Each structure stands twice: as structure tokens, then as C-alpha cells.
Amino acid sequence: MNIAVITGASSGLGREYVKAVFRMYPALEEIWIIARRENKLFELKVELGDKIRIFPIDITDNFAVNQYSEMLKETNANVRLLINNAGFGKHGNFYEIPTEENCGMVRLNCEALTLMTSVTLPFMSAGAEIINTCSIAAFAPNIRMAVYCSTKAYVMSFSRALRGELKKRQINVLAVCPGPMNTEFLPVANIGKGTSKAFDTLPRVKVREMAEKSLLASKRKKAVYTNKGFYKFYRFIAKILPTSFVMKMAKT
Ligand SMILES: NC(=O)c1ccc[n+]([C@@H]2O[C@H](COP(=O)([O-])OP(=O)(O)OC[C@H]3O[C@@H](n4cnc5c(N)ncnc54)[C@H](OP(=O)(O)O)[C@@H]3O)[C@@H](O)[C@H]2O)c1
């Protein structure tokens with residue numbers, strides 16, 4: 001059975017990925033959508049129909065991920081597309097953010113993404129695609145987002161190296177790097193109006209456009225995708241200028 005798997009599917013970018021995959025990959029037999037809030041997943045199933053299979057699980061829970069992996073075996077799944085999108089950030093000084101939240105970002109953004117990739121990869125074959133939601137936060141460290149930026153730097157490094165390894169199996173890995181999007185991410189990160197000059201002024205990325213354009217980039221077998229000239233330019237200067245200078249410029 002040809003399927004797509006999307007984590008963080010209950011809101012924001014993940015929800016848009018579900019809808020975009022539904023439209024852009026008509027040959028898929030099922031789309032497996034994962035997040036903790038069952039009611040939000042169920043709403044998508046009601047909207048899109050029987051192609052949607054919901055998994056209301058916490059992917060930082062190894063036991064729950066094991067159940068998902070058993071289901072891959074039972075259904076003889078052929079995963080054509082894996083979108084590792086679940087993630088969260090926290091804004092603030094490292095020492096002011098509760099330990100559970102600092103470590104929680106590492107558990108979800110890095111460890112769970114690695115675990116999901118590891119258990120899904122045996123069910124992927126030539127022509128399949130992996131999309132990892134990274135961030136512009138991967139381009140340079142930002143003060144007051146120390147752990148979040150570090151987790152996304154991990155996602156970038158992991159995605160690029162894995163892409164190199166999987167070339168011979170003809171599986172592409174794309175790191176998607178959005179700038180700020182108006183999703184639940186911002187309130188979860190404690191970012192509101194007035195919290196940070198940068199977040200107040202940075203151009204917003206449209207969620208639906210990000211989902212669609214990154215899927216096209218994945219089909220074109222790209223390694224990294226950033227939307228909007230402003231953030232493409234930021235990626236470029238973060239590569240060529242000294243990190244300390246970029247950090248001063250991109251203060252969050
Ligand atoms: N919005 C931005 O400004 C921005 C910018 C750059 C990158 N990103 C990245 O984009 C991705 C999507 O974020 P978003 O903006 O769409 O924010 P969002 O609306 O808060 O989405 C996060 C998703 O992750 C799920 N999730 C959180 N913890 C989970 C867990 N333990 N197990 C399973 N699912 C979990 C959430 O669902 P449940 O709560 O139902 O579990 C939700 O569906 C993240 O990786 C984020 O780092 C966001």
C-alpha cells in the first residue's frame with residue numbers, strides 16, 4: 001500500500017501539508033497523519049475522507065512510535081513520502097526556560113524526528129521522499145533561542161548527511177526552512193506582539209504556499225528549500241559572513 005506519513009499534522013504547516021499532499025499526490029492510497037490532538041486529526045479525516053488514517057500519538061513516546069511501526073509492518077506499507085514536521089520552540093534566555101521545555105525541544109525536534117526516520121526508512125524504496133521541517137533558525141545561532149536554533153541546526157546537518165547516504169537508494173531528503181509563520185508555533189514559543197523587535201517586523205511566510213512550494217522542491221530532489229527572497233538572502237549572508245556578525249544582525 002502506497003502511503004504518506006506526516007507528523008505535526010493537527011495544525012499550522014503540518015495541517016497544510018496534509019491538504020497539499022492530498023491534492024498533489026493523488027496516487028497515494030492512504031495519508032497517515034500524526035499528532036497528539038485526536039479531535040484536530042479527526043477534523044481532517046472528516047474533511048478529506050477515507051484516505052486519511054489518524055494516529056493520535058505523542059512521538060516522543062517510544063512505545064507509541066513502536067505501535068506506529070507495527071502498523072507499517074501489518075499493512076505492508078510502502079512509504080512514498082515521510083514529512084517529519086512536528087516541532088516546537090521556546091523564546092527566552094536558556095536559564096529562564098524550564099528544563100523540561102529546553103529538553104523537550106531536543107526530544108521532539110531531534111530525537112523523535114530521528115526515531116520516526118529510523119523506523120520508517122525500512123518501508124521506503126526508490127523514488128521515495130523525506131521532508132524534514134527545519135527553519136531559518138538553522139542558518140545561524142540566535143540568542144534567546146539557543147536550544148531551538150541548535151535543534152534545527154541538527155535537523156539541517158542530519159538531513160544533508162542522510163541525503164548523501166540515501167542517494168544510492170534514490171530517496172531524496174529535503175530540509176525545509178520556513179521563516180516566521182502565523183501558526184500556533186508563535187504562542188507556544190511565548191512570542192507575542194512586543195516580545196521581540198525581530199519577530200514584530202520579520203516578513204511572515206504563508207503556510208499554504210510554504211507547504212506547496214516545498215513539496216515541489218522535494219519532487220525536484222532539492223536538498224534545502226527556503227521561501228521568500230528575504231530569507232534566501234539571509235541564508236546566503238549567514239554562509240559568507242562571520243557568525244558573530246550575523247548573530248548581532250539577527251537578534252531575536
Ligand atoms: N511557525 C513558525 O514561525 C516556524 C518557523 C520555522 C519553522 N517552524 C517549524 O515548523 C514546524 C511546524 O510548526 P508550526 O509552525 O506548524 O506550529 P504548530 O501549529 O504549533 O504545529 C506543531 C505540530 O506539532 C505537533 N506536535 C507537537 N508536539 C508533538 C508530539 N510530542 N508528538 C506529536 N506531535 C506533536 C502539534 O500537534 P499536537 O499539539 O496535536 O500534538 C502540531 O501539529 C515545526 O517543526 C517548527 O519548528 C515553524
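In strand S3, which residue is the bridge partner of Ala 35? Pro 56 is the one to look for.

1. Ground rules. This is a predicted model, so to speak: local features need pLDDT of at least 70, side-chain atom pairs count only at pLDDT 80 or more, and totals for chains, interfaces and linings use all residues. Numbering starts from 1 along each chain, following the sequence as written.

2. The sheet. Start with the open sheet of 7 strands, which has the order S3-S2-S1-S4-S5-S6-S7 and parallel pairing. S3 (52-56) and S7 (224-225) stand at the edges with a single partner strand each, so one side of each has no neighbour in the sheet. On the terms: helices (H or I, at least four residues) and strands (E, at least two) are DSSP runs, numbered from the N terminus, and two strands pair if DSSP finds at least two bridges between them. As background, strands of a sheet pair through backbone hydrogen bonds, either parallel or antiparallel.

3. Strand S1 and its two partners. S1 covers residues 2-7 and is mostly covered itself, with 5 of its 6 residues buried. "Buried" here is a count: 20 or more other C-beta atoms within 10 Å of the residue's own, while 12 or fewer makes it exposed and anything in between partly exposed, with C-beta atoms placed from the backbone. S1 runs parallel to S4 (residues 78-84), joined by 5 bridges, and Ile 3 has Val 79 as its bridge partner there. S1 also runs parallel to S2 (residues 30-35), again through 5 bridges, and Ala 4 stands opposite Ile 31 in S2. From S1 the chain passes through helix H1 (residues 12-24) to S2, a right-handed β-α-β crossover. Right-handed means that, with the strands pointing away from the viewer, the path from the first strand over the helix to the second runs clockwise.

4. S2 and S3 pair in the parallel sense over 5 bridges. The chain gets from S2 to S3 through helix H2 (residues 38-48), and this β-α-β crossover is right-handed too. Elsewhere in the sheet, S4 and S5 (residues 129-133) make a parallel pair over 4 bridges, with Leu 82 opposite Ile 130 in S5.

5. The ligand. There are 31 residues around the ligand, and Gly 8, Gly 12, Arg 36, Gly 87 and Phe 185 come nearest. A residue is near a molecule or strand if its C-beta atom, placed from the backbone, lies within 6 Å of it. H1, S2 and helix H6 (185-188) each supply at least two residues of this shell, and H1 gives the most, with 3. By class, the shell has 13 nonpolar, 13 polar and 5 charged residues. Ala, Val, Leu, Ile, Met, Phe, Trp, Tyr, Cys and Pro count as nonpolar, Asp, Glu, Lys and Arg as charged, and the others, Gly among them, as polar.

6. The nonpolar core. The largest one has 59 residues, and those touching the most other members are Ile 6, Ala 9, Tyr 17, Val 21, Ile 31, Ile 33 and Ile 34. Such a core is a set of buried Ala, Val, Leu, Ile, Met, Phe, Trp, Tyr and Cys residues joined through C-beta atoms within 7 Å. Leaving aside neighbours within four places in sequence, the contacts of Ala 9 include Tyr 17, Val 18, Ile 33, Leu 41 and Leu 44. A contact means C-beta atoms, placed from the backbone, within 7 Å.

7. Ser 11 sits in the loop between S1 and H1 and is partly exposed, because it has 16 C-beta neighbours inside 10 Å. Beyond four places in sequence, Ser 11 touches Lys 40, Thr 183 and Glu 184. Ala 128, in the loop between helix H4 (99-120) and S5, is buried because 22 other C-beta atoms lie within 10 Å. The C-alpha atoms of Ala 128 and Val 79 are separated by 7.0 Å, though the two are 49 residues apart along the chain.

8. Two backbone angles to check. Gln 170 is not a glycine, yet its phi is positive, near 55°. Gln 170 lies in the loop between helix H5 (146-166) and strand S6 (172-176), and counts as exposed because it has 11 C-beta neighbours inside 10 Å. Lys 228, also not a glycine, has a positive phi of about 85°. Lys 228 lies in the loop between S7 and helix H9 (229-240).

Note on methods: Contact = placed C-beta atoms within 7 Å.
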